[in-house]
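Please keep the structure open while you read.

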Amino acid sequence: MMKDYAKKGRLAVATPQANPTVEAELRRMLPYDVDYCTLRLVSESSDPKTRLIEYLTTLPETIKSQFSGMTADTLLFGCTASSYLTDEKTEKDVMAEASEILNGAEIINAAKAIKKYFTQNKIKKIAILTPYPQWLQEHAIRYWTEQGIEVVATEQVDIGGEDTYKIYELLSNDAKPGLINLIEADCEAILISGTGMPSLRLIAEFNQPSKKIISSNYAMTIIGLSYLGLKPKKQTEWFS
């Protein structure tokens, strides 16, 4: 049946409860005839690690309670760190249950999208830029190393504390010095990991054929749209 506002597809977008960036960046990248509906990943924990894990493990119940039977073609799970902190079997089981609730919709989490992008582009050597506290940065490096990706350099954007909520106050300019430091690194791509830190202006300004710059939200959008046979809007249209 033809939809008024989702003629080429409807995406479900799961984003952490205080994250203001996922929807803003998706809105700039999605074609006009693709719609999205957001659900907020929630946790009452004051511990950031517990909170990030619960965003993933409670996803099936979150879909049931917030979508109440609404359908979508694909769900984008917009929290990269959840994958860094959860074992692959748990993640796979949760995603399978979530897909079943959404009548078989493809579930694309940010880390899976990045990994798929790396495979498609034959990327094996990366530098990583994150807004993570040190404890989470270490999990991110370990995750990509275990995926067979060589991490040759890293940079962190200072968020002034250990709680990841502080990420949501950042601007893309806060990340620019770290990105500039990584431009000369001996790698095939620079990964801006984390869906809460704005990344599109950095990608538009610094992306180059010889060294791709990819972010969690950018990869998630590219891969999510590919399941609909579509591509994001051109970079020149993101801020027009």
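1. Start with the contacts of threonine 62. Once its neighbours within four places in sequence are left aside, threonine 62 is in contact with Leu39, Arg40 and Phe67. The model is a predicted one. Threonine 62 sits in helix α3, which covers residues 59-67. Is threonine 62 buried or exposed? Its relative accessible area is 5%, and buried means under 20%, so threonine 62 counts as buried.

2. Helix α3 has a partner in helix α5. The axes of α3 and α5 come within 8 Å and cross at roughly 20 degrees. Angles under 35 degrees count as roughly parallel, and therefore α3 is described as roughly parallel to α5. The crossing of the two helices is right-handed. On the α3 side the contact is made by Leu59, Pro60, Ile63 and Lys64; on the α5 side it is made by Val94, Met95, Glu97, Ala98 and Ile101. Sorted by class, the contact of α3 with α5 has seven nonpolar residues, two charged ones and no polar ones.

3. Threonine 90 is also worth a look. It belongs to helix α5, residues 88-101. Threonine 90 and leucine 56 are 34 residues apart in sequence, while their C-alpha atoms are 9.2 Å apart in space.

4. Next, one of the sheets. Four strands make an open sheet in the order β2-β1-β3-β4, with parallel pairing. Which strands are at the edges? They are β2 (35-41) and β4 (106-109), each of which pairs on one side only. On average, and with direction ignored, neighbouring strands of this sheet are turned by 20 degrees against each other.

5. Within that sheet, look at strand β1, residues 10-16. Seven of its seven residues are buried. In a regular strand the side chains alternate between the two faces of the sheet. Arg10, Ala12, Ala14 and Pro16 point one way from β1, and Leu11, Val13 and Thr15 point the other way. Seven bridges join β1 to β2, and the two strands run parallel.

6. Strand β3 (residues 74-77) is joined to β4 by four bridges, and the two run parallel. Leucine 76 has isoleucine 108 in β4 as its bridge partner. Helix α6 (residues 110-120) lies across β3 and β4 and runs at about 85 degrees to β4. Helix α10 also lies across β3 and β4, running at about 170 degrees to β3.

7. Helix α10 has a helix partner too. The axes of α1 (residues 22-29) and α10 (residues 216-226) come within 10 Å, and they cross at roughly 50 degrees. That angle is why α1 is called oblique to α10. The crossing of α1 and α10 is right-handed. Which residues of the two helices meet? Val22, Glu25, Leu26 and Met29 in α1 meet Asn217, Tyr218, Met220 and Thr221 in α10. By class, the contact of α1 with α10 has five nonpolar, two polar and one charged residues.

8. Now for strands β5 to β8. Four strands form an open sheet in the order β6-β5-β7-β8, and the pairing is parallel. Strands β6 (150-156) and β8 (212-215) are at the edges, each pairing on one side only. From one strand to the next, the twist averages 20 degrees.

9. Please also check the pairing inside that sheet and the helices packed on it. Strand β5 (residues 125-130) pairs with strand β7 (residues 189-192) in the parallel sense over four bridges. Isoleucine 128 stands opposite leucine 191 in β7. Helix α7 (residues 134-146) packs on the sheet and touches β5, β6 and β7; its direction makes about 160 degrees with that of β6. Helix α8 (residues 172-182) packs on the sheet as well, touching β5, β6, β7 and β8. The direction of α8 makes about 160 degrees with that of β5.

How values were computed
Residues are numbered from 1 along each chain as its sequence is written. This is a predicted model: local features need pLDDT of at least 70, side-chain atom pairs count only at pLDDT 80 or more; totals for chains, interfaces and linings use all residues. Side-chain values use heavy atoms; hydrogens and water are left out. Two strands pair if DSSP finds at least two bridges between them. Axes are lines fitted to C-alpha atoms, for helices over the stretch in contact, and angles run from 0 to 180 degrees between N-to-C directions. Contact means heavy atoms within 4.5 Å. Angles under 35 degrees count as roughly parallel, over 145 as roughly antiparallel, 65 to 115 as roughly perpendicular and the rest as oblique. A crossing is left-handed if the near helix is turned anticlockwise from the far one by less than a right angle, and right-handed if clockwise. Ala, Val, Leu, Ile, Met, Phe, Trp, Tyr, Cys and Pro count as nonpolar, Asp, Glu, Lys and Arg as charged, and the others, Gly among them, as polar. Buried means under 20% relative accessible area, exposed over 50%, partly exposed in between (1.4 Å probe, protein chains only).
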